[in-house]
Amino acid sequence: MTTRQPFNIMIVGQRGRLQYEALLFVASLRARAPSFAGRVIVAEPQPGPLWPDDPRIEPDIAEALIELGAEIVPFHSDHFGAAYPYGNKIEGLATLPPGEPFIFFDSDTLILDDVGAMPIDFTRPTASMRREGTWPQEELYWPGYTAIWKSLYDKFGLDFESSLDTDHPDEYWQRYLYFNAGWFLGSDPQAFLARFLDMSLAIRDDRPPELVIQPLVPWLDQVALPLVVHSLGGGRPGPELDGLDGDITCHWRLMPLMYARESDKAIAVLEEVSAPNKIKKHLKKHEAFKRMIYQSRGQKVREMFDQDDLPRREQQLRNRIKSAGFWIR
């Protein structure tokens with residue numbers, strides 16, 4: 001069932017870099033999708049034993065987010081916290097109302113166009129395909145892609161064969177269901193949360209033998225996500241969702257990479273929504289935004305690359321930017 005019904009958006013916001021990214025995200029949503037009718041929930045981790053420092057958003061940034069119509073909703077970190085902050089996107093799902101369609105976005109995302117007008121089938125969970133073959137990692141004595149992924153499907157009693165993209169050959173990474181966790185969606189955030197949490201903890205605490213030499217930090221969320229999506233009846237996104245990895249949203253990740261490789265449209269939106277004084281006065285406190293956007297170093301990075309002929313691997317981009325002295329997180 002394809003729908004244009006209102007849905008809710010969740011991002012994570014907390015003290016430090018993510019609070020500034022969250023403000024930029026919400027500013028872009030309001031500028032580029034002004035008719036968006038759903039709730040915008042900024043999930044905020046609370047102080048507790050898993051956070052050595054107070055993770056709550058600074059009051060002035062919180063006020064700016066609320067002025068833009070976002071809701072800051074607290075949640076408690078019971079399983080991950082500072083040791084694995086990527087777990088915020090899992091535990092933070094508790095802030096969303098049950099039974100209402102949702103999209104989670106990483107905070108380092110820009111809205112470029114009217115995301116609320118997209119035809120989305122929320123009954124079929126899915127996630128971002130803008131990824132590289134980052135996991136599993138080839139090792140000298142590893143058992144191979146098939147053995148590793150099949151061990152995970154077997155662990156949770158899932159059908160492995162139906163998850164495969166048989167257009168790709170055996171032992172090629174794209175044959176196996178694998179997402180970037182920069183966005184994911186579904187019809188019921190609480191059902192998604194329960195499955196995501198159970199699977200992530202089961203993999204972390206009792207991994208199959210085939211995973212014994214595989215790193216799970218920082219990849220745990222992306223290891224569990226395909227299993228969650230598959231178990232809930234979802235899979236790879238159809239072409240109708242291409243905009244979530246392109247013209248509608250931009251998962252920019254790091255400012256130097258944003259300027260090096262993203263579209264002219266994305267750069268224009270970035271500089272448009274960050275320009276108003278009520279936004280600029282906050283964002284310029286973040287060193288990466290100050291240098292890249294407001295001191296125009298991002299444009300210098302952009303001039304280093306031909307956006308129509310970029311290096312194939314992200315690491316090549318990073319190395320060239322670092323060599324030029326423009327790298328910043």
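## Aromatic pairs

A search of the whole structure finds 19 aromatic pairs. The model is a predicted one.

One of these pairs joins Trp135 and Trp149. Its geometry is edge-to-face, with the planes at 80 degrees and the ring centres 5.3 Å apart. The pair links distant parts of the chain, 14 residues apart. Trp135 lies in the loop between β6 (126-128) and α4 (145-155). Trp149 belongs to helix α4. Both Trp135 and Trp149 are buried.

## A tilted pair

Tyr172 and Trp173 also pair, with ring centres 6.3 Å apart. Their planes meet at 50 degrees, so the pair is tilted. Edge-to-face would need an angle over 60 degrees, and stacked one under 30.

Trp173 has a relative accessible area of 16%, so Trp173 is buried. The cut-off for buried is under 20%.

## A phenylalanine cluster

Ring pairs also build a cluster. Its members are Phe102, Phe104, Phe184, Phe192 and Phe196.

## Charges over rings

Lysine side chains meet aromatic rings as well. The charged end of Lys155 sits over the ring of Phe156, at 6.0 Å from the ring centre. Lys322 places its charged end over the ring of Trp327. Here the distance to the ring centre is 5.2 Å.

Note on methods. Residues are numbered from 1 along each chain as its sequence is written. This is a predicted model: local features need pLDDT of at least 70, side-chain atom pairs count only at pLDDT 80 or more; totals for chains, interfaces and linings use all residues. Side-chain values use heavy atoms; hydrogens and water are left out. Rings of Phe, Tyr and Trp (its six-membered ring) pair if their centres lie within 6.5 Å; planes under 30 degrees apart count as stacked, over 60 as edge-to-face and the rest as tilted. Helices (H or I, at least four residues) and strands (E, at least two) are DSSP runs, numbered from the N terminus. Buried means under 20% relative accessible area, exposed over 50%, partly exposed in between (1.4 Å probe, protein chains only). A charge sits over a ring if NZ of Lys or CZ of Arg is within 6 Å of the ring centre and within 35 degrees of the ring normal.
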